[in-house]
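Please read them with the coordinates open.

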Amino acid sequence: MKNIVEPANTAAPAVKAAQGWWVLALGLRRAVSRLPGLTQVRWSRYGPEYRDPQIGKEYYRKALAELTEEEKYERKELRKTQLIKAAPAAKTSSVFEDPVISKFTNMMMKGGNRVLARSLMTQTLEAVKRKQFEKYHAASAEEQATIERNPYTIFHQALKNGEPVIGLMPILRGGHFYQVPVPLPDRRRRFLAMKWMITECREKKHRRMLMPEKLSHELLEAFHNQGPVIKKKHDMHKMAEANCARAHYGWWSREAGGSLLPDRGSHCHSGKPLSNDPTSPQSRGSSSPWYDASTPYGGPSHDANDGPSSSWDDTSGTCSWNEATYGGLHAKDA
Amino acid sequence: MLKRMTRLVSGARQLDPGRFLHGEPQAPQSLAAHLDNQVPDESPRATSCTSEDDPVRTFNEACLMVRKPALELLRYLKNTNFAHPAVRYVLYGETGTGKTLSLCHVIHFCAKQDWLILHIPDAHLWVKNCRGLLQSAYNKLRFDQPVEASSWLKDFQTANERFLSQIKVQEKYVWNKRESTEKGRPLGEVVEQGLTRVKNATDAVGIVLKELKRQSGSGAFRLLVAVDGVNALWGRTTLRREEKSLMAPEELALVHGLRKMVRNDWHGGAIVLTLSQTGSLFKPRKAYLPQELLGKEGFDALDPFIPILVSNYSPEEFESCVQYYLENSWLQHEKAQTEEGKKELLFLSNANPGQLERLCAYL
């Protein structure tokens, strides 16, 4: 790597020219159409020539005869010259591995103590399972069919139930910050659900109660669409609904032809309550893959597939927003 | 350590109430004759235990896996000659292999055969974290443990109620100026006295042990002494005197009495012991052999004994355990039912029963 000393987050956003050179010099991975003034907060030390490692027993166990031509070429030739990133220590080729659980464990981790976080996670799953088994044995035959005993389905469903459909973003207009409803990309929604769950369990529990106990309780409540995490999701939806009149402040509303959603305008006028099921907003960033950690959260995420957003309004203060201020303000949402 | 409890089958057949194995926090179900005496190797293999408080809650039943060490021990017990001095059997093995549950199996068998069970669930609990130590009234040099003694007396009472009225004490015991137990009174009175006057609980335990040892040869009953974690009796304690100096185990009256009990100078029963590193003090984690855990003093005290090794699951036992979990839907992960999943479980647990149980708990 080049001998660059300063990391990304100390670079002052005002020094755009130096940044531009610096970004090119590092050879950062994504050749995206960068908006001017946009710095990357999360970046990778790997250049674009590095490819992801193959973690999976099926790939390596394939006999030479079964491989297709490209795979054979890949195996024999590319391996000599291909640069491969190091596989993260937390990723295994175990059949029981689940990326969502891994992500949740990482978010629960404090001080890099993944052993402790993982043990808390397993204890939580065990607690969920035991509670459900108790309920199962106490229930009658008809009810037994409805009781879900798999802790993994409960976990996934609980997080899915806790995902908000629409979020809020502070937009600077006329010297004031207004909370504007914004469609959230998938990964942001997943992140918010997990973040709310963890924060809830850390803060709102009795001092002597252990995390697995509290977390299992919250997961079961969220699974049944009750509890504080779901309430938080509904609160966010209500806030977005309340501020729906400001939806046109954001640049995405202009791109979509003046309204955030086809029926959003009618909602604001008619006063219909917002339905809380995740059908309406089209999330722009939904095409991005799950582990897209390097692309910064920038509202509608700009992949290479998107055309240049020409309707970007330069006159108002919105376009000169940058990650430094935005990242700090957006913490309000989480 | 008896954190893993015997699971009793809540079957239709009811035996005498009060005939359950003490040491369990809740044992509402009475024993059922699920485990046959003449059980061959292809008997229905049920589960191993879980380290939870109430195992009955998870599966609505309680089962043990019948394994070779337990069967061997049962065969020896069936062929005991009660005229000879009591034979000592020592179950040893690595952590999590099933020593405690084998002991429970043996206790269950003997209870069904109407033996008098003297079961200490965990001897390590008597040498660490004890509060309220008192100087013994009987012998000034020793120390009493009222809390441990009274809880043990309670369990002993519930387990052996039938015998407490039959066995009579053979000498007079004076508790204090006003209370005494005359000669010929049933042993239950001594136990009652120990329970009501907690200060005398340790002495009551000592009396019970002495009387049982004396009378076991008479043939009225057969005595089984079962101690889990017997290496605690010859190890070190973490208890301190008032002067903050560490105590040796022989200064504890309970330990002193128990040491006398596991000597083979009586007849009319058997002694089954288990070594345990899990609760032990100042012993390395990998130690499991009798010489390592007992030390020279303990080994000489227990010598001669019959060692019985308890090892990890064989492939059939592992398969049977996983099948049991699958039948009871304990393994909920969809990949756990596949061959790949089972191979991975075998690899991760190395067929160690304890480790397998902890893995399957969250899968």
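1. Basis. This is a predicted model, in which local features need pLDDT of at least 70 and side-chain atom pairs count only at pLDDT 80 or more, while totals for chains, interfaces and linings use all residues. Residues are numbered from 1 along each chain as its sequence is written, chains are lettered from A and ligands numbered from 1 in the order in which they are written, and side-chain values use heavy atoms, with hydrogens and water left out.

2. Confidence. The mean pLDDT of chain A is 74, and 62% of the residues score at least 70 (pLDDT is the predictor's confidence in each residue, from 0 to 100). Helices here are DSSP runs of H or I with at least four residues, strands are E runs of at least two, and both are numbered from the N terminus.

3. Residues 1–9 of chain A have pLDDT below 50, with 11 contacts beyond near neighbours in sequence. Residues 27–31 of chain A are also below 50, with 16 such contacts. Contact means heavy atoms within 4.5 Å.

4. An unreviewed UniProt entry annotates residues 89–243 of chain A as "domain: Small ribosomal subunit protein uS7". Such annotations may be inferred rather than shown by experiment. Over residues 89–243 of chain A, 63% is helix and 10% strand. The end C-alpha atoms of that range are 44 Å apart.

5. α7(A) with α9(A). Helix α9 (residues 211–223) of chain A packs on α7(A) at about 65°, with the axes 8 Å apart. Axes are lines fitted to C-alpha atoms, for helices over the stretch in contact, and angles run from 0 to 180 degrees between N-to-C directions. The pair is therefore roughly perpendicular (65 to 115 degrees; under 35 is roughly parallel, over 145 roughly antiparallel, the rest oblique). Residues in contact include A:F155 in α7(A) and A:F223 in α9(A). By class, the contact has seven nonpolar, three polar and no charged residues.

6. α8(A) with α10(A). Helix α8 (residues 186–203) and helix α10 (residues 228–242) of chain A cross at roughly 130°, and their axes come within 9 Å. α8(A) and α10(A) are therefore oblique to each other. Among the residues that meet are A:W196 and A:E200 in α8(A) and A:K232 and A:K233 in α10(A). This contact has seven nonpolar, no polar and three charged residues.

Notes
Nonpolar A, V, L, I, M, F, W, Y, C, P; charged D, E, K, R; others polar.
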